[in-house]
Amino acid sequence: MTSDATAGRRRRGAGITSDATGPRDTTGTSVTEQAVASLDGTADPRLRELLTALIRHLHDFTRETRLTRQEWERAIAFLTVTGQACTGTRQEFILLSDVLGLSTLLETLHQDRAPGATESTVLGPFHMTESPVRELGDDIDLVGGGEPCVVSGRVRAADGTPLPGAVVDVWQADDQGFYDVQQPGVQPAGNGRGLFTADTEGRFWFRTCVPAPYPIPTDGPVGDLLRATGRHPYRPAHIHFIASAEGHTPVTTHIFVAGDEHLDSDAVFAVKESLVQDFAETDDPALAREFGVPNPFRHARFDLVLERSS
Ligand code: BEZ
Ligand code: FE
């Protein structure tokens with residue numbers, strides 16, 4: 001007999017009381033143990049571990065909150081609508097994981113980075129199309145109208161070694177707070193996106209507009225959840241990155257615009273202090289000419305620091 005099954009036997013007595021009509025399981029302990037024991041034949045030990053913990057936590061949650069049948073039906077209806085809201089370009093379940101803090105918790109638990117390496121943060125639901133390949137210096141703001149800005153830096157290893165040929169995948173919302181995939185037919189596909197290759201010294205630079213804070217989508221069940229809990233839906237202004245280089249672990253991250261009013265209340269809990277960057281007002285006509293932007297302009301400079309993979 002496995003140790004889990006033995007433990008199950010031991011636990012089975014708990015919560016069972018006797019009265020004139022025989023034993024009565026007042027806490028549902030017996031069904032918990034039966035459900036756990038039903039996993040005895042699971043070939044994959046990790047699957048068994050996860051399902052066992054899931055059953056125990058779900059059952060404990062139900063006991064602790066005295067969940068009613070109507071509440072459980074309401075929860076099932078919510079999860080059903082969440083699934084129905086998913087399309088090829090919308091992932092409501094990722095959004096749910098984000099607003100519950102689960103995505104950030106996973107990132108934090110598995111972030112095993114060398115000192116000095118760039119911190120990771122959530123991928124989010126909008127990295128669902130391939131970014132168009134662009135040349136260094138290209139403008140990813142295909143529409144214009146926002147405040148011009150240059151983003152530049154270096155992809156390097158934690159010891160400072162530059163990583164020539166590193167790939168930098170970038171995506172951001174437009175200056176109205178919408179991603180291209182949210183506005184097909186309004187924004188051109190690929191607006192706010194670019195796949196750049198760092199030069200021989202690991203440098204990257206591109207033009208864009210200063211991103212704006214934006215609300216995560218609230219027209220689905222996750223929006224209902226935010227309203228029911230009195231939460232605002234805003235994310236502080238940011239630009240997303242995935243940086244990768246041969247022999248190094250890729251990093252999925254954002255940079256956040258310093259001074260944004262939502263830095264302390266991100267709807268998806270993804271802000272890390274090291275990722276907050278100054279988008280500095282820059283009055284330098286020669287540099288502006290070099291980058292091909294009107295002077296003055298905003299300039300964010302930061303390095304993407306990757307960890308060597310073992
Ligand atoms: C995003 O930054 O794209 C994002 C992240 C999590 C939820 C919604 C949006
Ligand atoms: Fe975003």
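This is a predicted model: local features need pLDDT of at least 70, side-chain atom pairs count only at pLDDT 80 or more; totals for chains, interfaces and linings use all residues.
## Basis of the model

Local features are given only where pLDDT is at least 70 and side-chain atom pairs only at pLDDT 80 or more, whereas totals for chains, interfaces and linings use all residues. Residues are numbered from 1 along each chain as its sequence is written, chains are lettered from A and ligands numbered from 1 in the order in which they are written, and side-chain values use heavy atoms, with hydrogens and water left out.

## The ligand site

Ligand 1 is surrounded by Leu95, Asp98, Gly124, Pro125, Phe126, Tyr179, Tyr214, Ile216, Arg235, His238, His240 and Val268, each with a heavy atom within 4 Å of the ligand. By class this shell has seven nonpolar, three polar and two charged residues, where Ala, Val, Leu, Ile, Met, Phe, Trp, Tyr, Cys and Pro count as nonpolar, Asp, Glu, Lys and Arg as charged, and the others, Gly among them, as polar.

Polar side-chain atoms approach oxygen atoms of ligand 1 at 2.5 Å from Arg235, at 2.9 Å from His240 and, through an N or O atom, at 3.2 Å from Tyr179; a polar contact is a pair of N or O atoms within 3.5 Å. Taken alone, ligand 1 exposes 260 Å², and the protein buries 100% of that area, as computed by the Shrake-Rupley method with a 1.4 Å probe. Helix H5 (92–99) and strand S9 (238–244) are the elements that give two or more residues to the shell, with helices being DSSP runs of H or I of at least four residues and strands runs of E of at least two.

The structure holds 14 salt bridges, each a side-chain nitrogen of Lys or Arg within 4 Å of a carboxyl oxygen of Asp or Glu. One of them joins Arg63 and Asp60 at 3.1 Å, N to O; because these residues are three apart in helix H3 (residues 45–65), about one helical turn separates them.

## Backbone features in loops

Most residues other than glycine have a negative phi, and most peptide bonds are trans. Arg66, which is not a glycine, has a positive phi of about 55° and is found in the loop between H3 and helix H4 (69–84). The peptide bond from Asn295 to Pro296 is cis, with omega near -10°, and Pro296 is found in the loop between helix H8 (285–291) and strand S14 (297–301).

Technical notes:
A polar contact is a pair of N or O atoms within 3.5 Å; within protein, one must be able to donate a hydrogen and the other to accept it, and residues adjacent in sequence count only if both atoms are side-chain atoms.
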